[in-house]
Every structure is written in C-alpha cells, then in structure tokens.
Amino acid sequence: MGNLGLTSPTTATHGDETISQVQDVLTSEMGITAMLNRLKQSITSAKEFSLFLKKRSILEEEHANGLKKLCRMSQENIARSEHRGGSFAKAYEEMMIIHERMADNGVQFAMSLHQMQEDLLELAAIAEKSRKGWKQNGLVAEQRVAELEAAMRKSKSKYDSLAEEYDRARTGDTTGRQGGKMFGFKGPKSAAQHEEDLLRKAQAADQDYLSKVQIVQAERGELIAKTRPETVKALQDIVRECDSGVVLQLQKFASFNEKLLLSNGLSISPLKTSPDSRSLRECILAINNDKDLHDFLSSHYSRLPPRAGEPKYERNPLIDPSHRAQTTPYAQQGPSAGQVPPSQPQMFQGSTNSRASTFIDTPISPPNQAPPGHHYGQSVGSAPLMAGAQRPSSQPQHERAFSHGSIVSQNNGPPSAQQQFGGSRGPAPQQTQVPGSRFNGGFNPPPLQGPPQLGALSFQPSQPQQPQLPQLPYGQPPPQQQVAQISNPLQQNPPTPSGLPTGPAQGRRQSPPSGQQMQPSRPVFGVSLSRLYERDGLAVPMVVHQCIQAVDLFGLGVEGIYRLSGSVPHVNKLKTLFDTDSTSSNLDFRNPENFFHDVNSVAGLLKQFFRDLPDPLLTKEHYAACVEAAKNEDDIVRRDSLHAIINSLPDPNYATLRALTLHLYRVMDNSGVNRMSSQNLAIVFGPTLMGTAPGSNISDAGWQVRVVDTILQNTYQIFDDDD
C-alpha cells in the first residue's frame with residue numbers, strides 16, 4: 001500500500017500530462033491527419049488477424065477431415081477377417097471413436113475460426129468506408145482554411161509594399177527613382193499626383209487585406225469550433241470500435257483454443273460420470289491377448305474332424321486261404337438263366353411280398369440292355385429302383401418300408417426265395433450294414449433349403465406343392481418321364497454299384513456319366529420378374545437380395561455409392577456366376593471376398609440387372625401414368641398418384657420395388673457420408689427403373705428423376721402397410 005501511495009501521484013501527474021498532450025494534438029492542424037493514420041493502422045491489423053484466422057481454419061479443417069477419413073478407413077480395414085478380433089478389435093474401435101470425437105472438435109473449431117474471420121473482414125470494411133468519408137470532410141475544411149490564409153498573407157504583403165512607397169513619396173525620399181522624375185501614360189507626373197495615386201492604391205490594398213482576414217477568421221473559427229472536433233471525435237469512435245472488435249475476436253480465439261484442448265482432453269480421458277465411459281489408456285489396457293488367442297482357437301472347435309481310431313491290420317477275405325477253398329470263381333461256373341448275381345441286393349429276388357415282386361415282374365430297363373437277371377452288376381440306382389421308390393401304392397407302409405427297410409427285414413419270405421443265390425456256388429456271403437446306407441434304416445436325406453427370402457408376401461405359397469403321380473394299376477410301373485419329374489431324396493446321393501450312396505465328397509470325385517446329371521443353366525439376367533418368381537419361388541430375386549445385403553453391410557459409408565462405376569470384369573464375372581447357379585455358396589455377399597472386396601461392382605451388378613429386364617421394374621404399361629403423375633406440382637397429389645400406380649404393379653414388381661426403395665432410403669439416410677441424396681439416387685435409378693416406352697422422348701428424363709425422387713422421399717408413406 002505504501003508503494004501504491006508513493007507511485008499514485010506520479011502516475012496521476014503522468015496521466016494528466018499525457019491527456020493534455022493528446023488534447024493539444026487533436027485540436028491542432030495535424031489532429032485529423034493523425035487520427036486518419038491511426039485508424040488506418042487499426043484496419044490493417046484487423047485484416048492481418050483475419051487472414052491468420054482464415055489460414056488457421058483451413059489447416060484445422062483439413063486436419064479434422066483427414067483424421068475422420070483415416071479413422072473410417074482404419075475401421076473398415078480392422079473389421080475384415082484378416083485382422084484380430086476380440087478385446088483388441090473392441091479397444092481399437094473405441095480408440096477410433098475417440099479420434100472421431102477429436103476430429104469433430106476440430107471441425108467445430110475450424111467453423112468458429114471461419115466465422116470470426118468473416119466478422120473481422122466485415123468490421124474492417126465498415127471502418128475503411130467510414131474513414132474515407134471523414135477524410136473527405138475533415139481534410140477539405142483544413143485545406144480551404146490553409147488556402148485562405150495563404151491568400152491573406154499575399155494581400156498583406158502587397159498592402160505593406162504600397163504603404164512603404166506612399167510613405168517615401170510623402171516624405172520626398174527619391175531613393176530608387178531615375179533622375180527624380182516619374183512617368184505616366186500622359187507624360188511625367190508631379191509629386192503630388194504620384195503621392196495621391198499611391199495613397200489610393202494603398203487604401204484599396206488595405207480593404208482587400210481586411211476582407212481576407214475576416215474570411216480567414218470566419219472559416220478558421222468554424223473549423224476549430226465545429227468541423228475539426230466532429231471529425232476527430234468520429235475518427236476516435238471508429239478507432240475504438242475497430243480496436244475493440246479485434247480484441248474481442250482475440251479473446252474468443254483464446255477461449256476457442258482452450259475449449260478445443262479441453263474437449264480433446266475429455267475425449268481422451270473423460271470424467272467418470274458413467275461406468276461405460278473409458279479413457280484411451282483404459283481402452284488400451286483392456287486388451288487381453290491371451291483371451292483373444294484362446295477365443296480364436298476355440299472358435300475352430302466346431303470344425304474339428306472326427307478322431308480316427310488307432311490303425312489296425314485287417315486281412316482281406318478274398319486272399320484268405322479258407323475263403324478261397326469255399327468259393328468257386330464265377331467265370332468258371334456262369335450264371336444260370338433264372339439267377340441273380342450275388343452282388344445285387346436281395347430286394348430284386350423273387351418273394352411272396354407283392355411290393356418286391358413288382359420290380360421282378362416288369363422292370364424298367366434302359367434301352368439296349370438285357371433283363372435284370374442277365375445284367376451283372378446292375379446298380380441299385382437304376383431306373384427300376386427310382387420308379388419303385390416313388391410310385392404310390394394302396395398300402396400305406398409301402399413307401400416307408402422301401403425307403404428305410406433293411407436287407408435283413410426281407411427275411412420274412414420263404415426259405416426258397418432266401419436261398420436263391422445258393423446252388424453250386426455255395427451260400428451267399430453275409431452283407432454288412434454300412435452306416436448311412438438306405439438298407440439299414442439310417443439314411444435321412446437332408447431337407448432341401450431354398451435361398452433366403454426378404455419377407456413373405458400375400459402372393460407367396462406357404463409350402464411348395466409336391467408333384468403327384470396319377471394312380472396306376474397295381475403292378476404297372478409309371479412312365480419314365482413322370483418318374484424323372486419327382487423330387488426323390490435318394491437322388492441327392494445316387495447309389496454306387498456296390499449299393500452304397502455316395503457322400504458329397506465322393507460325388508465330386510466322380511464325373512457324371514451323361515449330360516442328364518449336369519446342372520442346367522438357370523439364367524437370371526434378361527429374364528422377367530414374373531418368370532423368375534414362377535421358376536425360383538422368390539418374391540425378390542436372389543441377385544437383388546444379395547446386392548442389397550452387400551451394400552447395406554459394406555457400402556453405406558462409401559462416397560458416391562451407385563454413382564461411381566465398378567470394375568467391368570468383376571461385374572461380368574458375378575453376372576456369369578448368377579446366370580449359372582444363383583444358389584452357389586460363392587454368391588453369399590455377406591463375405592466380401594465373394595465380390596472381390598469391391599462394393600461398387602456389386603452396385604453396378606444391381607443396376608445391370610434392372611437395365612437387362614425385358615420389362616422395366618415400373619413396367620412400360622405404367623410409363624405414361626408415371627410421367628403424368630410426376631408433372632403434378634402439388635407434392636401430396638404427386639405422391640398419392642404414384643402410390644396408386646405402385647399398388648397396381650404385378651406382385652413380383654411390387655415386392656422388388658419395395659425392397660429396393662427401403663434399401664435406397666437407408667443409403668439416403670447416410671448421405672452425410674456417401675454424398676448420395678435422394679436427388680442423386682433418382683438421377684442414377686430414374687432411367688434404370690422406368691426404361692423407355694413407345695412415344696417417349698429425351699425430355700422425359702427429368703420426369704423419370706422426379707418419379708424416383710418422390711418415391712424415395714415418401715418411402716414410409718407408400719410402403720407403410722408392408723412394414
């Protein structure tokens with residue numbers, strides 16, 4: 001306090017002295033000029049700070065956008081199957097989320113700096129405009145007074161010169177005269193005339209000088225009393241306003257920097273307001289490498305192959321000496337006319353059971369083949385077996401007994417029938433039961449599973465209808481063509497010549513004997529939706545379902561999805577695969593490897609499917625009605641008109657349009673990332689979904705875009721009853 005008391009008078013004296021000096025400068029002729037120069041400095045400083053804010057905001061925005069893009073790309077890469085999962089994947093995802101929050105903070109900071117820069121530019125522009133106006137007013141007044149003062153001084157000099165000459169003439173001083181004579185226009189003047197002439201000139205000069213002095217006094221008084229103070233005060237106000245605005249923006253800049261650092265700090269290490277909030281350090285420390293490794297290995301447990309028993313030696317009975325002593329070679333003996341070779345199943349033997357004798361009495365033999373009794377090694381999977389397997393009978397147990405009966409169950413026949421394979425060749429060898437064979441009751445064919453569907457609609461049948469054979473007289477085989485049309489579970493694993501059905505692996509090792517077993521081509525592209533529904537039983541074609549599924553999983557965040565073209569070789573290869581076998585496991589697009597990790601090619605494939613339709617999705621029949629509906633300027637009328645047209649579409653077209661529209665609405669929901677608004681999607685899909693109709697012209701392109709745009713913007717108003 002003592003120091004303050006000692007320094008206060010000095011400070012007050014210094015302050016009073018400064019204020020006095022400031023007032024002297026402002027009231028002088030240089031006051032306006034000094035204030036104009038000071039205002040120019042303030043404007044220049046404001047512009048310089050504005051330029052700094054602009055460049056800083058650009059740097060922050062580029063950094064934030066680059067960080068967001070990096071996080072998004074890293075998240076997509078870490079989600080692939082070739083990267084680690086478990087706690088590491090979760091911690092990595094949380095780390096990317098933290099970085100995305102920091103990027104959002106950077107974007108907000110950049111936007112704030114940009115707004116500050118615009119405010120400063122506006123402030124500087126206003127100050128500069130005001131400076132020009134006051135400079136014009138103040139400097140013009142100062143210049144006018146200066147000119148009047150110069151004229152006054154000139155008049156005074158003339159007046160003084162005439163007064164001196166008059167005084168010399170009056171006193172008789174002839175200094176400077178030539179011979180003491182004075183000349184005029186009419187001859188030499190006398191001294192009295194010359195004195196009178198000088199007096200008259202001096203009096204005129206006196207009046208002129210007096211008038212100029214009065215004018216200068218008036219103008220100077222007005223300048224000092226009014227013009228100069230007003231100009232100086234206005235310039236002071238502009239300087240204070242400009243300086244205050246710059247300081248305010250500097251304070252905001254400091255506050256925004258603190259807020260940015262604080263927000264980033266809270267993102268990295270948040271407050272413990274909830275148990276779910278974890279800091280970046282806690283996320284990293286939560287990684288459990290051992291648990292991730294154990295979980296990864298345990299996930300392969302279900303794929304373990306069955307453990308094989310200990311290998312042991314088994315002697316082949318064919319080279320057993322005791323067996324060779326009891327068996328006579330078939331080549332030396334030869335089959336008799338009524339015998340069946342021992343390699344055939346006993347169901348081809350004669351029996352008192354009428355269901356078994358049917359195959360013996362009237363077999364269906366392939367062309368150019370001998371009867372079964374003379375065809376050694378005939379397969380159980382031949383035509384007679386297939387016909388008998390599905391032919392309906394009046395006895396309810398016939399099909400079940402044939403399909404699941406064991407060779408042992410046929411021992412109910414008479415002994416003569418069971419010993420038919422005897423004779424000179426000795427007793428028939430005992431046949432062993434093989435697990436999974438249809439002869440021991442263990443064969444259970446897997447249920448046929450169709451491709452997934454996007455939702456059952458009213459026009460889809462609840463269960464597929466099985467074809468029925470006409471009733472035939474008992475003992476008469478059905479025609480071969482009808483037998484081929486029946487879905488027989490045994491045909492999935494056709495039996496081998498040894499009587500055992502082949503598994504999937506064995507079936508792949510064997511090449512088909514003829515073209516009848518080859519999978520027929522099932523084209524998908526270029527086929528109408530009604531034909532695809534009749535053939536496949538799917539309300540939404542499989543190719544549409546798979547493409548929508550792939551884009552939903554991997555393409556909603558891709559910028560320009562459906563606008564950017566994919567790889568033409570990839571699209572052609574996927575198209576060929578769908579035309580060959582659309583139910584192949586290689587066409588499951590939940591695995592990105594199946595579409596080469598190129599989601600743009602999947603989008604191109606979907607557009608190609610709709611372009612190749614013989615009749616567009618919205619049909620040529622409704623083309624003119626859609627264009628007329630699009631021309632309605634009222635949004636409600638246009639929506640209701642298109643809703644009525646959509647409800648009148650064929651069932652497959654309606655189901656496919658519904659699935660596609662709901663999918664495109666999800667794409668539109670992510671337009672902040674993928675930049676695909678409803679207008680952009682409509683530009684892509686308008687011509688694709690509507691096609692062209694007779695009488696259409698190129699001017700319809702705008703109406704096509706408007707049709708699809710209206711459908712997308714009113715998705716849940718048009719399809720609300722089906723959700």
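Predicted model: local features only at pLDDT ≥ 70, side-chain atom pairs only at ≥ 80, totals over all residues.
Trainee: What makes helix α16 roughly parallel to helix α21?

Mentor: The axes of α16, residues 542-554, and α21, residues 651-669, cross at roughly 10° and come within 11 Å. Angles under 35 degrees count as roughly parallel, and therefore α16 is described as roughly parallel to α21.

Trainee: Which residues make that contact between α16 and α21?

Mentor: From α16 the contact uses Val544, Ile548, Val551 and Asp552, while α21 contributes Thr656, Ala659, Leu660, His663, Arg666 and Val667. Sorted by class, the residues of this contact are six nonpolar, two polar and two charged.

Trainee: Why is α3 called roughly antiparallel to α4?

Mentor: Helix α3 covers residues 86-171, and helix α4 covers residues 191-268. Their axes are 7 Å apart, and the helices pack at an angle of about 170°. Since an angle over 145 degrees counts as roughly antiparallel, the conclusion is that α3 is roughly antiparallel to α4. The contact of α3 with α4 has 37 nonpolar, 16 polar and 20 charged residues.

Trainee: Turning to rings, what makes the aromatic pair of phenylalanine 88 and tyrosine 92 tilted?

Mentor: A pair of aromatic rings is described by the distance of the centres and the angle of the planes. For phenylalanine 88 and tyrosine 92 the centres are 5.8 Å apart, with 35° between the planes. The centres have to lie within 6.5 Å for a pair, and planes under 30 degrees apart would count as stacked, over 60 as edge-to-face and the rest as tilted, so this pair is tilted. Phenylalanine 88 and tyrosine 92 are four residues apart in helix α3, which means that about one helical turn separates them.

Trainee: How many disulfides does the structure hold?

Mentor: It holds zero disulfides, and a disulfide would need a pair of cysteine sulfur atoms within 2.5 Å. As for accessibility, cysteine 71 counts as buried at 2%, and cysteine 626 counts as buried at 2%.

Trainee: What makes the phi of threonine 619 worth a remark?

Mentor: Most residues other than glycine have a negative phi. The phi of threonine 619, however, is near 70°, which is a positive value in a residue other than glycine. Threonine 619 lies in the loop between α18 and α19, and with a relative accessible area of 4% threonine 619 is buried. Arginine 675 is not a glycine either, and has a positive phi of about 60°. The place of arginine 675 is the loop between α22 and α23.

Trainee: Why is arginine 675 called exposed, and what is asparagine 632 called?

Mentor: Exposed means over 50% relative accessible area, and arginine 675 has 52%, so arginine 675 is exposed. Asparagine 632, in the loop between α19 and α20, has 26% and is therefore partly exposed, because that word covers values between 20% and 50%. Not counting residues up to four places away in sequence, asparagine 632 touches Val637, Arg638, Ser641 and Arg706.

Terms used. Residues numbered from 1 in each chain as written. Heavy atoms only, no water. Axes fitted to C-alpha atoms, helices over the stretch in contact; angles between N-to-C directions. Helix = DSSP H or I, 4+ residues; strand = E, 2+ residues; numbered from the N terminus. Parallel < 35°, antiparallel > 145°, perpendicular 65-115°, else oblique. Contact = heavy atoms within 4.5 Å. Nonpolar A, V, L, I, M, F, W, Y, C, P; charged D, E, K, R; others polar. Phe/Tyr/Trp six-rings, centres within 6.5 Å; stacked < 30°, edge-to-face > 60°. Buried < 20%, exposed > 50% of the residue type's maximum accessible area, 1.4 Å probe, protein only.
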